Amino acid sequence: MDSQRMSQQHLLSKIATNDKHGENSPYFDGWKAYERNPFHPTENPQGVIQMGLAENQLCFDLVEEWILNNPEASICTPEGVHQFRNIANFQDYHGLQEFRNAIANWMSKVRGGRVRFDPDRILMSGGATGANEQIMFCLADPGDAFMIPTPFYPGFVRDLCWRTQVQLIPVHCHSSNNFKITREALEEAYKKAKEDNINVKGLIITNPSNPLGTTLDKDTLKSLVSFINEKNIHLVCDEIYAATVFSSSPSYVSVAEVIQEMEHCKRELVHVIYSLSKDMGFPGFRVGIVYSFNDEVVSCARKMSSFGLVSSQTQHMLASMLSDEKFVTRFLSENSRRLEERHEKFMKGLEEVNIARFPSSAGLFFWMNLKSLLEEPSFEAELKLWRVIIHEVKLNVSPGSSFNCSEPGWFRVCFANMDDETVDIALNRIRELVGKETKKPVGIKRWQLNLRLSFSSRMFDESAMSPHSPLASPLVQAT
């Protein structure tokens, strides 16, 4: 079978068959384990609970209410069908003007109105995945590199590197200083790349951070902008979690706000990636945005957007929804409040069993510290514990090593993709792991460790399911 598969791959392109898709990571293997035994409260209550998926389902009731009250926003209703022909025939890759206006206003509102976005710089793509790849195609050639602080989203290997053949250079950050991005770490990584004759084209950051759930303060952002200005390289800021900042946390600061305050700033080196997948919980709508302060990038990326346009029907509906100031204000307020409430529920549950977590103020996840449960401080021990959590505790959490974390024992746990009842079940399973009565870690040896999970995608059916489709690879919706 392997020889037949290799023979078939020989007929395909190197881009299609190279290993930069990232599916051989434990991050995606956890998804496959979940799909083979998915939790359901009545049909499969002993199944694996999906806590590796960063979806935001906490405000769907507000969206559904708006849709019911605004039937004219859809071309598939009696109230909106008169727009059907215009919308069905629209295919300009600039996008609907009203959609770009609405997105620009929404992005400004999310950032507290402290920065304005030009609708003519709004560039569409198929989700944040498409937007990240699109900006790489504009900024880098095969073999060029982008620096990226650790830990970082595992899907970046696919999004940024698979088809573009761009390299990622980790900038190692550590828990000893709260995983802060220091100038020293940046300089060290940059110097090492130059010594290795690697052409560094830029730095990519996530703000808020995935997986840390932290935000960058203004001074840190200014330091990063100063660094890329001095090196004359690009700064790509992934801001797809901008509206997930908790209600009691300090206001979110975007790089767009920072550069308008800085003198002698090379704005043409700064680019923002955005989407509605996380902030609004619309990953299925595939709304990805590239916002660049570089005129040439705007021109090039707009031409490239023809490969991944947002459907005109989606643009039409969202233009109406995001232009509703009353809805937007209510949604942003409730979204922040509900995310914080869900986050605090998990934090209290973890405190009951003395599990530490990294302090966070945003995102759809938290960074859990299980170092005390490792048999030894190694990544092998981390993966061993992770197999226990997947197969025995039946929780799909993501190991820190898949996020390129430099320290073993960290795990990303998503909390906004389930209902309250499932949260309670998940917390009970965590209590089982650590021992509620003694409030001390239970020896890992009490769990059967003979169950193994291969990290080769060949061990699974090539049509491994995503969380919602029996036909698609988990890479399609990985977040």
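The questions and answers below walk through a predicted model, from its sheet to its pocket and a few single residues.

Trainee: In what order do the strands of the open sheet lie?

Mentor: The model holds an open sheet of seven strands, and the pairing within this sheet is mixed. The edge strands, each of which pairs on one side only, are strand 2 (122-126) and strand 4 (167-171), while the twist averages 25° from one strand to the next. Read across the sheet, the order is 2-8-7-6-5-3-4.

Trainee: Why can strand 2 be called largely enclosed by the rest of the structure?

Mentor: Strand 2 is an edge strand, pairing on one side only, and five bridges join strand 2 to strand 8 in an antiparallel run. Within that pairing, methionine 124 has isoleucine 289 of strand 8 as its bridge partner. Strand 2 is largely enclosed because, of its five residues, the number that are buried is four.

Trainee: Which residue of strand 7 is the bridge partner of leucine 235?

Mentor: Strand 6 (residues 234-238) and strand 7 (residues 270-275) are paired in the parallel sense, over four bridges. For leucine 235, the bridge partner in strand 7 is valine 270.

Trainee: At what angle does helix 10 run to strand 5?

Mentor: Helix 10 (residues 218-231) lies across strand 3 (145-149), strand 5 (200-206) and strand 6. Another helix, helix 12 (residues 295-304), packs on the sheet as well, where it touches strand 2, strand 7 and strand 8 (287-292) and makes about 35° with the direction of strand 2. For helix 10 and strand 5, the angle is about 170°.

Trainee: Which element gives the most residues to the lining of the largest pocket?

Mentor: The largest pocket has a volume of about 620 Å³, and of the 34 residues that line it, those closest to its centre are Phe179, Lys180, Thr214, Thr215 and Leu216. By class, the lining of this pocket divides into 16 nonpolar, 15 polar and three charged residues. The elements that give two or more residues to the lining are strand 3, strand 5 and helix 10, and the one that gives the most, with three residues, is strand 5.

Trainee: Is phenylalanine 179 buried or exposed?

Mentor: Phenylalanine 179 lies in the loop between strand 4 and helix 9 (183-195), and it has a positive phi of about 55° although it is not a glycine. Its relative accessible area is 5%, and the cut-off for a buried residue is under 20%, so phenylalanine 179 counts as buried.

Trainee: What is the C-alpha to C-alpha distance between glutamate 133 and cysteine 161?

Mentor: Glutamate 133 has its place in helix 7 (residues 127-139), and it counts as buried because its relative accessibility is 12%. Leaving aside residues up to four places away in sequence, glutamate 133 touches Asp159, Arg163 and Thr164. Glutamate 133 and cysteine 161 are 28 residues apart in sequence, and their C-alpha to C-alpha distance is 7.8 Å.

Trainee: What is the omega of the peptide bond from asparagine 207 to proline 208?

Mentor: Proline 208 is placed in the loop between strand 5 and helix 10. The peptide bond from asparagine 207 to proline 208 is cis, with omega near 0°.

Technical notes: Residues are numbered from 1 along each chain as its sequence is written. This is a predicted model: local features need pLDDT of at least 70, side-chain atom pairs count only at pLDDT 80 or more; totals for chains, interfaces and linings use all residues. Side-chain values use heavy atoms; hydrogens and water are left out. Two strands pair if DSSP finds at least two bridges between them. Axes are lines fitted to C-alpha atoms, for helices over the stretch in contact, and angles run from 0 to 180 degrees between N-to-C directions. Contact means heavy atoms within 4.5 Å. On a 1 Å grid over the protein atoms alone, a cavity is a set of points where a 1.4 Å probe fits but cannot get out, and a pocket is an open set with protein on both sides within 12 Å along at least five of seven lines; lining residues have an atom within 4 Å of a point. Grid points are joined across faces, edges and corners, and a volume is the space filled by probe spheres set on the points. Ala, Val, Leu, Ile, Met, Phe, Trp, Tyr, Cys and Pro count as nonpolar, Asp, Glu, Lys and Arg as charged, and the others, Gly among them, as polar. Buried means under 20% relative accessible area, exposed over 50%, partly exposed in between (1.4 Å probe, protein chains only).
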